[in-house]
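This report describes a protein model at several levels of its organisation.

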Amino acid sequence: MNKASIVIIGGGPAGLSAAIEGAKAGAKVLVIDENGKPGGQLFKQIHKFFGSKEHKAGTRGINIGDQLLEEAKRLDIEVWLNTEVCGIDKNKKIWGIRDKKQSFSIVADKIILATGAIENAVKFSGWTLPGVMGAGAAQTMINLNRTLPGKKILMLGSGNVGVIVSYQLMQAGAEVVGIVEAAPRLGGYGVHTAKVRRAGVNFYTSHTISRAIGENCVEAVEIVQLDSNWKPIEGTEKILEVDTICIAAGLTPLTELAWIAGSKFVYIQEMGGHVPAHNKTMETTVEGIYVAGDVSGIEEASTAMEEGRLAGINAAASLGFYIEKEQEERTKIVWNGLNALRCGPFGHKRKNAKDKILASREG
Amino acid sequence: MTMDVKTKMEGFEMSDEIICRCEEITESEIVEAIRNGATTVNEIKKWTRAGMGLCQGRTCRRMIERILARETGIELKDIKPSTYRQPVRPIKMGALGE
């Protein structure tokens, strides 16, 4: 059985940032990722990020991905790709399968879970028809696989994912027939929403999908208006001709490894449901197992990177690579950055939600 | 769309759709299990096999939680997700023998 200092599961923005900080501190670091390329969702994020300059605002996600990979390479960080982790335990033993065939088992001194999230499905009549897919899946198709999922698209959900992916689908050559939002108000940042609106896309607030129509695949969609009690209003049904329905209805943290390891969980609706309770160093209730990024509560790539750095710094410090003062100083700097990201009307809500998670860990 | 909105939307009855695609379990089968006494996601799983297939409930578990909340009046925050087990990824038995 092999031994490694810090093992990071998931090589997205959080995982890579954690690895970089761990390696900078002098720890031996291993990143495990199930995909053929590290970077998580960054390489399909062709839009510019928000925040301050320190948070790489104005830089496209795809370029941030390249920067992180270059830095990881420079620090000689070991990355195992096409490697699926199948289980871990509280003693930090990790086992899994490489390249779909070879099993492995290692014991880590510290584990950082940066496994990300999965898109939520929404059920309506016909939701299993080919042509209904996650908005993130559609984004992978256009920006990574260079394939249009369809020509006429209906988007369900007006949050950032919904409007950003709608715009990118249009850039890729598809027509976005409409964006349906069940709430009476739109959910995304103004700048993204306005871009789509200026391009002529119809928004249907207080509407939902009542059914997808089609024999073997989506041929049309029926939408219906909702009253103030979220009940469909009879007679308001509209049929729109589409071949693809994209669902942007939020994400759920991929927490199975944290459950198996025995971490305490807390339910925070705004953070995507059940999330592992963790403290300000990102450590869960299982000693030596940390979380960072969407697995610790759904936010954004910019916050995921900061959380990754927190986990990396503190995992390394607990192995003796930093003295207490250095650990505190470095942690404080990252926390200042996180607090800056979590301000404003959108960020403030996330800050409150994150505070609830921190409180649950201490309580 | 927030989780809150989705919960409210799913408060109204829909036609009988497949919820668990791996095991092809419909909403009415899940509702029947609940009306027959299932009070947790784990019990629904054992009763119907919903969430027991290849993806281990990755797609359907949140929907099953919401159906359970709607049918029983238990709040979503109080519904415990079904148990996770190793391996958390589908793997071939042969790979374990290596």
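The model is predicted. Chain A is assigned a domain 1, made of residues 2-118 + 251-362, and a domain 2, made of residues 121-247. The centres of these two domains of chain A, taken over C-alpha atoms, are separated by 31 Å. In the contact between them, domain 1 of chain A contributes four residues and domain 2 of chain A contributes six residues. On the side of domain 1 of chain A that touches domain 2 of chain A, two residues are nonpolar, one is polar and one is charged.

A pair of helices comes next. Two packed helices are described by the angle between their axes and the distance between the axes. Helix H1 of chain A (residues 13-25) packs with helix H7 of chain A (residues 301-318) at an angle of about 30 degrees, and their axes are 7 Å apart. The crossing of H1(A) with H7(A) is right-handed. Among the residues that H1(A) brings to this contact are Ala14(A), Ala18(A) and Gly22(A), while those from H7(A) include Ala304(A), Gly308(A) and Ala315(A). The residues of the contact of H1(A) with H7(A) comprise 14 nonpolar, five polar and three charged.

Chain A also contains an open sheet of three strands, in the order E12-E13-E14, with antiparallel pairing. Strands of a sheet pair through backbone hydrogen bonds, either parallel or antiparallel. The edge strands of chain A are E12 (207-213) and E14 (238-240), each of which pairs on one side only. From one strand to the next, the twist averages 30 degrees. E12(A) and strand E13 of chain A (residues 220-225) run antiparallel and are joined by six bridges. Within this pairing, Ile209(A) has Ile223(A) in E13(A) as its bridge partner.

The last topic is the contact between chains. Chain A gives 37 residues to the contact and chain B gives 31 residues. The following elements of chain A each give two or more residues to the side that touches chain B.

| Element of chain A | Residues |
|---|---|
| Strand E4 | 83-88 |
| Strand E6 | 102-113 |
| Helix H6 | 256-261 |
| Strand E18 | 273-276 |

Which element gives the most to the side of chain A that touches chain B? That element is H6(A), with four residues. The side of chain A that touches chain B has 16 nonpolar, 15 polar and six charged residues.

Definitions and conventions: Residues are numbered from 1 along each chain as its sequence is written. Chains are lettered from A and ligands numbered from 1 in the order in which they are written. This is a predicted model: local features need pLDDT of at least 70, side-chain atom pairs count only at pLDDT 80 or more; totals for chains, interfaces and linings use all residues. Two strands pair if DSSP finds at least two bridges between them. Axes are lines fitted to C-alpha atoms, for helices over the stretch in contact, and angles run from 0 to 180 degrees between N-to-C directions. A crossing is left-handed if the near helix is turned anticlockwise from the far one by less than a right angle, and right-handed if clockwise. Two residues are in contact if their C-beta atoms, placed from the backbone, lie within 7 Å. Ala, Val, Leu, Ile, Met, Phe, Trp, Tyr, Cys and Pro count as nonpolar, Asp, Glu, Lys and Arg as charged, and the others, Gly among them, as polar. Domain bounds come from an automatic or database domain assignment.
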